[in-house]
Amino acid sequence: MLVAGVLLLLLVLLLLRVPVGFAIGLSGLVGLISYGGLPVLAGFLETVPHSAIASHSLAPIPLFILMAQFVLLSGVASELFDAARVWVGRLPAGLGVGTTVSGAAFAAVSGSSTAAAATLAATSIPEMEDRGYDGRLANGLVAVVGTLAAMVPPSIILVFYAILAEASVGKVLLAGFLPGLLVTLAIIATTLLLVRRNPDLAPRGEAHPIAVKVRTLTAVGPVLLLFALVVGGIYFGLATPTEAAALGALGAFGLCAARRRLTLAGIRAALGATLASSAMILLIIMAAFLLGYFLTLTRVTQGLVDTIGGLAAPPTVVFLLIAVVYLVLGAFMDQIAILALTVPIVLPVVEELGFDPIWFGVMVVLLAEIGLVTPPLGLNVFIVARATGRPPEQIFRAVVPYIAAMLLLVLLFTAFPQIVLWIPETMGGS
Amino acid sequence: MAERMLRRVEDALGLVAGLALAAMVLLMCTEVVARYVLGSPLSWSVGMVSNYLMVAFFYLGLPVTVREGAHVAIDVLYDRLPRAVQPWCDRLAAGTGLVFLLAVTVGGILLTTDVAAGGYAPPAGSAELSWPVWTSTVMVPLGALVTAARLVLLLVTGAPASVPDTGSAVSEPEVH
Amino acid sequence: GAAPSGAPPGVTTLRIGDSYPPSHPASRDGVDFFVERAVELSDGRLAFDYFPSAQLGEAEDHVALTRSGAIDIGVVSPPYLADRLPLSNVADLPGMSTDACRPAAALSELMSAGGPDGSGAGILHTSEYGPQGLRMLFVGVQPGYEVMTVGVPVTGPSDVAGLQLRSSGGVLDAAVDALGAAPVSIAGPEMYEALSRGTVDGTTLPPMSATPYRLDEVATDSTLGAPLGSFTLSYTIGERTWRELPEDLRAVLTRAGAETTAHLCRGIEEENERARTALAEGGLHFTQQTPEQVAQWRTALEPVRGQWVADMEARGLPGAATLTAMEQALATAERGGSDG
Ligand code: NA
Ligand code: NA
């Protein structure tokens, strides 16, 4: 009852155009004080605002956004898209497919869905729109591609799951690989299907002779170098994923210098744009902690899970009900908070039903990632909306087909868990 | 008059936030070099990034971003409301933000007075910087209070507190 | 105080919060055991609502949460709170003890809030827990920090010099430093990747903390019996909640707490043993340190205690008195913990 009231308040505030971070924050305050009075509210107000932000694991968000801003400033981004446009030629939705593939690669490296979405929104959406792509398609596509970050290693969120579940970290990370690839393919297939039904969404380019194609490759070099710096930094043990984000930002700064694009005004604009996007994301994350702790205290999640776990239904049906709970939580809460709150409660139930904990980790992350683009609180959608100035509800509508495709994958992985478990079982060693 | 003074404070804090971001990049890159090339890591860098640079970047940068309307909102219903009602929604937005940020200010003051009164600091000899804890926590009430002041101004003038719905490509506010 | 809903009349429900997963001894042999005893001893007049796994905040946040009454009973882990509760790290100093029960019994004396009038309160209560508005109910010590490395077998302290070791802060940093190694701070969730990719040479952890991170998959070698230090954790009740409770329920909590301290230390020792076996089966090679090597470790780590006392005194804190009290309590504590 209390929970319903607080969530209703949140919905009303959001609909009346209260900024998302403020709306979540106030709902959290109202929830905490109605639940336990002033002592409870004071306790969480003393801890959350500082400790939610004083967090090393949030640092990649501003760092990767800054990298994207410097890549934009260097001018290399638009040349890269020129190259992509020339090379994909007359392929249908070529640029969209190219964006998905390069975005997936970047998301894979960044390990943070929000940072990936913010970076791609700044670099690729303006280019796609300039080339005649439908704005809503471009925005929706980028919001969805960002969610790949948590599936493909390195993934902070999969490691976090493994630690909570006391499962093999190595196996959980390996298990994310094939599903991540399949989600990428599903996004590409959805884009192609959408464009086929409505060719106006993405114009065909023109064919170019091979000489022109080769000439465009000069822009690809620096970007590949930057990419190698970030990926190589992580894979060769030079840097942790967080530090790799800093290397990327410095590398992109160097790229600007090398191309003589550095001006004081340019640097200021890059820092200012990074601050604007990051502050919005971090405010939502901080406020979501307050709301999340209120939901935890009320034990709604636990009650739901207990009810579902006690059902005398086939295991698959019970799991699908649990999946619905995760989708709903994903609509309201931060992923890390969702995992901390639910895994200790849900995992025993799931194991009792005969499911594999490694498989379940991949499923939970996939579901929470879908939550990042589902209304009313799809953080990735807000990030893209923030970067492009497009109304969030337009982007929410544009991601619906992609959500459908990802839900089909959820069903596929439920029917055939071997798809998820194949790599970790064949390569995972002992 | 009050507006101009507030603007100066916001800009000054925003500048510190920008410097914190730059410092974050340089510190982490230095740490990689120190560890990998020189073999002697800066053991304090994680604490520096989380307790100082992230906190300064967010809390000192927040006021400018609220002034520039960097915080997204959902327009779907707002756009269909009568023109006379829309300013009231804008006031509700500023009011909501004001209540939230005042609460954060109070929480930050509770925390800061507690750690300052106790004289807490990481002990010397541990890898962390031995700076008093309040030097980190004080940025919470400071940033939240300045943001709240801006929201009071928005409440009075009735200007919207979210991204203007331009539908155009990237339009980033600048830190001046 | 009392939770707003659900509890029948006459039943007081207390919220417990900590940062440990339900399978951790602190949760299983600590909180679960404590709850069971307190419910039994109070004939069901006490009920508990338990939030494990940092569901209500990070480990460091639980001091403020408990003091304010947001939760009634909260975990306090001094190693995470070296800024607020520096003296309470005394049991974690290198070479203090390699088992779990004796230091827990000693600490329960030092952290005791004493009688109803405060008489007989321990030095850690009067100087740290009390001023924080907290009363210790039960305490545990995870002994046995070892050096775990990738590709570098460690047979004595000299092998550690020059290595870069992930360290979790506080007194442990000083120990790593004293060995001539460089402490690197890396967040827990990033430790696996950092070890597997060679970002650091190794880490320092007790076996039972290494299992959840699955370090057997990435580390190759570990010491066994190196007296590097321990990890203290305690569960405390907020003074505000305490004062609202009737006399008899306070007595129940005190007794259940003392029994839990005695029970938890055995749970921790068993878990450490289990974890060591599991890690060994997972491919982590343990090198048992010989008595001569243990003596070498002790010599190498000797300066840490003196430095710790000097640092505390420089801050105006009774470091020397606390260390003396700890050493005396350890000497008199018998295996099996305090009276139950
Ligand atoms: Na990733
Ligand atoms: Na969502």
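Residues 44-62 of chain B are 95% helix and 0% strand, with 26 Å between the end C-alpha atoms. The model is a predicted one. In an unreviewed UniProt entry, that span is one of those listed for chain B under "transmembrane region".

**Annotated spans of chain B**

- The unreviewed UniProt entry gives residues 12-38, 44-62, 92-111 and 131-156 of chain B as "transmembrane region".

**Interface of chain B and chain A**

- Contacts join 71 residues of chain B to 67 residues of chain A.
- About 6000 Å² is buried between chain B and chain A, and carbon and sulfur atoms account for 74% of that area.
- Val72(B), Ile74(B) and Phe100(B) provide 13% of the area that chain B buries against chain A, which is more than any other three residues provide.
- Two salt bridges are counted between chain B and chain A.
- Asp90(B) and Arg17(A) form a salt bridge, in which the closest N and O atoms are 3.5 Å apart.
- Six residue pairs between chain B and chain A are in polar contact, with both residues at pLDDT 80 or more.
- On the side of chain B that touches chain A, two or more residues each come from helix 1 (2-36), helix 2 (45-67), helix 3 (86-117), helix 4 (134-137) and helix 5 (139-157) of chain B.
- Helix 3 of chain B makes the largest contribution to this side, with 16 residues.
- By class, the side of chain B that touches chain A holds 45 nonpolar, 18 polar and eight charged residues.

**Thr113(B)**

- Thr113(B) belongs to helix 3 of chain B.
- Thr113(B) counts as partly exposed because its relative accessibility is 46%, which lies between the cut-offs of 20% and 50%.
- A polar atom of the Thr113(B) side chain lies 2.8 Å from the backbone oxygen of Ile109(B).
- Gly143(B) is 30 residues away from Thr113(B) along the chain, and the two C-alpha atoms are 16 Å apart.

**Interface of chain A and chain C**

- Here 38 residues of chain A are in contact with 33 residues of chain C.
- The area buried between chain A and chain C is about 3100 Å², with 58% of it from carbon and sulfur atoms.
- The interface of chain A and chain C has two salt bridges.
- A salt bridge links the side chains of Glu46(A) and Arg67(C), with an N to O distance of 3.0 Å.
- Six residue pairs across the interface of chain A and chain C are in polar contact, both residues being at pLDDT 80 or more.
- At least two residues each on the side of chain A that touches chain C come from helix 2 (20-53), helix 8, helix 9, helix 12 (220-235), helix 13 (241-258), helix 14 (264-298) and helix 17 of chain A.
- Helix 2 of chain A supplies the most to this side, with eight residues.
- The side of chain A that touches chain C comprises 24 nonpolar, eleven polar and three charged residues.

**Helix 8 of chain A**

- Helix 8 of chain A (residues 156-165) is largely enclosed by the rest of the structure, because eight of its ten residues are buried.
- Those buried residues are Ile157(A), Leu158(A), Val159(A), Tyr161(A), Ala162(A), Ile163(A), Leu164(A) and Ala165(A).
- Within chain A, the buried residues of helix 8 pack against helix 9 (169-175), helix 17 (335-352) and helix 18 (357-371).
- The buried residues of helix 8 of chain A also pack against helix 6 (188-196) of chain C.
- Glu166(A) follows helix 8 of chain A and has a positive phi, near 55 degrees.

**Ala329(C)**

- Ala329(C) sits in helix 11 (residues 319-332) of chain C.
- Ala329(C) counts as buried because its relative accessible area is 3%, and the cut-off is under 20%.
- Apart from neighbours within four places in sequence, the residues in contact with Ala329(C) are Ala106(C), Glu109(C) and Leu110(C).
- Arg102(C) is 227 residues from Ala329(C) along the chain, while the C-alpha atoms of the two are 8.7 Å apart.

Technical notes. Residues are numbered from 1 along each chain as its sequence is written. Chains are lettered from A and ligands numbered from 1 in the order in which they are written. This is a predicted model: local features need pLDDT of at least 70, side-chain atom pairs count only at pLDDT 80 or more; totals for chains, interfaces and linings use all residues. Side-chain values use heavy atoms; hydrogens and water are left out. Helices (H or I, at least four residues) and strands (E, at least two) are DSSP runs, numbered from the N terminus. Buried means under 20% relative accessible area, exposed over 50%, partly exposed in between (1.4 Å probe, protein chains only). Contact means heavy atoms within 4.5 Å. Buried area is the accessible area (1.4 Å probe) that two parts lose on being put together, summed over both. A salt bridge is a side-chain nitrogen of Lys or Arg within 4 Å of a carboxyl oxygen of Asp or Glu. A polar contact is a pair of N or O atoms within 3.5 Å; within protein, one must be able to donate a hydrogen and the other to accept it, and residues adjacent in sequence count only if both atoms are side-chain atoms. Ala, Val, Leu, Ile, Met, Phe, Trp, Tyr, Cys and Pro count as nonpolar, Asp, Glu, Lys and Arg as charged, and the others, Gly among them, as polar. UniProt positions are given in the numbering used here, feature names are shortened, and annotations may be inferred rather than shown by experiment.
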